[in-house]
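Student: Could you take me through one part of this model at close range? I would like to look at the place where the two chains meet.

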2 protein chains.
Amino acid sequence: MTFRKVLDIIKVYYHGSIDREAITIQDLTARRVPGSRASAREFVYSTLRQSILHLDLKPGTKMSEQEISEQFKVSRTPVREVFVHLNQDGLVEIYPQRGTYVSLINLRALEEGRWVREIVEKAVIEEAAGRLTEEDLHKLESNLAAQEVCYRNKNYLEMLGLDDEFHGTIFRACGKERTYEMVKQLNIDLYRLRVLRLSHDFRWDQILNQHRQILQALREGKGEEAKRIMGEHLRMVIVEKDQLLADYPEYFVDL
Amino acid sequence: MTFRKVLDIIKVYYHGSIDREAITIQDLTARRVPGSRASAREFVYSTLRQSILHLDLKPGTKMSEQEISEQFKVSRTPVREVFVHLNQDGLVEIYPQRGTYVSLINLRALEEGRWVREIVEKAVIEEAAGRLTEEDLHKLESNLAAQEVCYRNKNYLEMLGLDDEFHGTIFRACGKERTYEMVKQLNIDLYRLRVLRLSHDFRWDQILNQHRQILQALREGKGEEAKRIMGEHLRMVIVEKDQLLADYPEYFVDL
DNA sequence: TCAAGTATACTACCATGGTAGTATAAAAAG
DNA sequence: CTTTTTATACTACCATGGTAGTATACTTGA
């Protein structure tokens with residue numbers, strides 16, 4: 001259980017040029033982007049969150065206050081606050097006086113998340129059809145262009161992020177940003193699963209194609225068709241419980 | 001939106017019309033059992049959460065670490081952790097080095113919450129129809145009986161809780177507990193609004209009646225009818241923006 | 001009278017030490 | 001060898017002191 005990957009991410013965040021030993025709070029705050037007040041808490045939170053979502057921290061990994069605070073060169077107080085936050089996200093489990101662990105991927109939650117996502121995305125896309133502004137459509141087009149580049153370069157992790165952004169843009173265009181955040185929250189385990197199977201379990205060409213069709217239907221104001229394609233699109237994520245439990249038994253829980 | 005802008009809004013209304021002496025949590029803390037296993041953090045969290053939801057702490061009220069920790073007789077550390085938690089719930093806004101305030105009720109979020117709730121509840125009730133076990137139906141019946149008692153006693157706050165429980169039971173029966181939590185989270189401001197208008201703005205008799213009809217339709221497996229009634233039921237909560245802003249200008253924000 | 005600068009009293013943020021509870025392994029008893 | 005007891009090394013939890021940043025009242029200067 002090493003945190004080397006986490007440290008790599010820290011370096012990337014801070015322009016990749018900071019000596020690991022030299023990272024202090026002062027450095028972090030000194031390099032903050034004007035307008036964004038990066039507190040230690042926020043920094044540790046966003047870093048750890050991403051590490052968990054990208055499976056740099058595997059499900060089940062132990063994360064002690066002590067160890068994390070040493071790695072991040074901050075005290076245990078902000079780390080504890082981050083744990084509370086991540087616990088609410090469902091990304092870590094806190095066992096008092098025993099330890100804090102990265103949550104296992106919950107297969108039941110996976111199914112439920114997909115169910116609600118299909119319900120909500122279908123409703124949203126129906127609202128979106130014909131209502132999107134030119135700017136919205138342009139944003140979606142740019143996103144698709146980026147997706148194509150990622151597809152050609154087989155940069156699937158970034159493609160996953162763009163996928164999320166594609167759907168998020170549609171929600172935002174309808175004034176449903178909070179809804180999108182909630183759906184994303186419910187599908188947080190699905191996200192980890194998709195990262196886990198990035199290279200071998202996805203038909204990225206089909207996904208890309210469906211995105212194109214959705215955009216086309218939206219542009220033409222064909223709500224029903226967009227809804228239909230979206231349904232197919234979301235049902236593509238097949239969760240083979242038995243296979244997953246066989247391949248990665250230590251990552252999953254089913255309750 | 002800048003912090004400053006929000007602060008100005010709060011400042012004006014806070015000094016203008018909110019009685020500082022009304023912010024007392026002493027009564028609630030009396031319920032803490034000394035031998036209880038609940039951690040200080042959990043106790044403070046659940047107490048404050050309920051206080052905010054029940055409007056014992058009005059929107060816009062200042063809540064300093066110092067003050068809260070003294071009232072709860074705990075240190076500032078767990079209080080800070082609670083603030084992080086409440087902040088994620090959307091119940092408080094933290095302005096670093098400035099203060100922490102009970103969130104204003106967001107009228108946009110209100111509309112969005114109602115929208116997604118109607119979408120999801122309709123889908124759930126369709127799944128529920130004909131699938132509920134005898135135990136589920138019995139639970140719903142007991143709930144309705146309790147609602148009738150509350151109605152006769154004009155105990156509307158408890159009735160509101162039973163209302164939530166009624167809907168929650170249906171979700172749980174379908175294995176959609178997490179979805180329910182999400183919907184509740186998105187409707188957290190609606191809850192506060194309902195508490196605010198408890199006595200004068202609701203037709204509790206109609207609500208009770210609709211609950212009865214929903215249960216009946218569920219028992220008979222009439223999914224379509226249950227769905228229709230649920231739609232009416234949820235659309236009953238009318239949000240008159242202008243009226244609200246006129247009556248309680250200091251409680252709301254619209255962005 | 002009024003604007004600009006200063007002093008003071010706050011705030012949330014972070015570091016650190018101590019504590020009760022828990023798991024593990026060694027030692028003792030059967 | 002097995003079970004029980006004890007010792008030790010952890011854990012998250014909480015209390016407390018100090019700090020940088022912010023707002024406000026006060027003083028100063030025109």
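This is a predicted model: local features need pLDDT of at least 70, side-chain atom pairs count only at pLDDT 80 or more; totals for chains, interfaces and linings use all residues.

Tutor: Chain B puts 28 residues in contact with 28 residues of chain A. Together the two chains bury about 2,700 Å², with carbon and sulfur atoms giving 60% of that area. On the chain B side, the residues that lose the most area to chain A are Glu112(B), Trp115(B) and Arg178(B), which together make up 25% of what that side buries.

Now for the polar side of the story. There are 14 residue pairs in polar contact between chain B and chain A, and 4 salt bridges cross the interface. In one of these, Glu81(B) pairs with Arg80(A), and their closest N and O atoms are 2.7 Å apart. Helices H5 (76–89), H6 (107–128) and H9 (177–186) of chain B each give two or more residues to the side that touches chain A. H6(B) gives the most, with 10 residues. Sorted by class, that side of chain B has 12 nonpolar, 6 polar and 10 charged residues.

Val195(A) counts as buried because its relative accessibility is 10%, under the 20% cut-off. Beyond its sequence neighbours within four places, Val195(A) is in contact with Leu53(A), His54(A), Leu55(A), Leu157(A) and Leu160(A). Of these, Leu53(A) is among the buried residues of H3(A), while Leu55(A) follows that helix with a positive phi, near 65°.

Definitions and conventions. Residues are numbered from 1 along each chain as its sequence is written. Chains are lettered from A and ligands numbered from 1 in the order in which they are written. Side-chain values use heavy atoms; hydrogens and water are left out. Buried means under 20% relative accessible area, exposed over 50%, partly exposed in between (1.4 Å probe, protein chains only). Contact means heavy atoms within 4.5 Å. Helices (H or I, at least four residues) and strands (E, at least two) are DSSP runs, numbered from the N terminus. Buried area is the accessible area (1.4 Å probe) that two parts lose on being put together, summed over both. A salt bridge is a side-chain nitrogen of Lys or Arg within 4 Å of a carboxyl oxygen of Asp or Glu. A polar contact is a pair of N or O atoms within 3.5 Å; within protein, one must be able to donate a hydrogen and the other to accept it, and residues adjacent in sequence count only if both atoms are side-chain atoms. Ala, Val, Leu, Ile, Met, Phe, Trp, Tyr, Cys and Pro count as nonpolar, Asp, Glu, Lys and Arg as charged, and the others, Gly among them, as polar.
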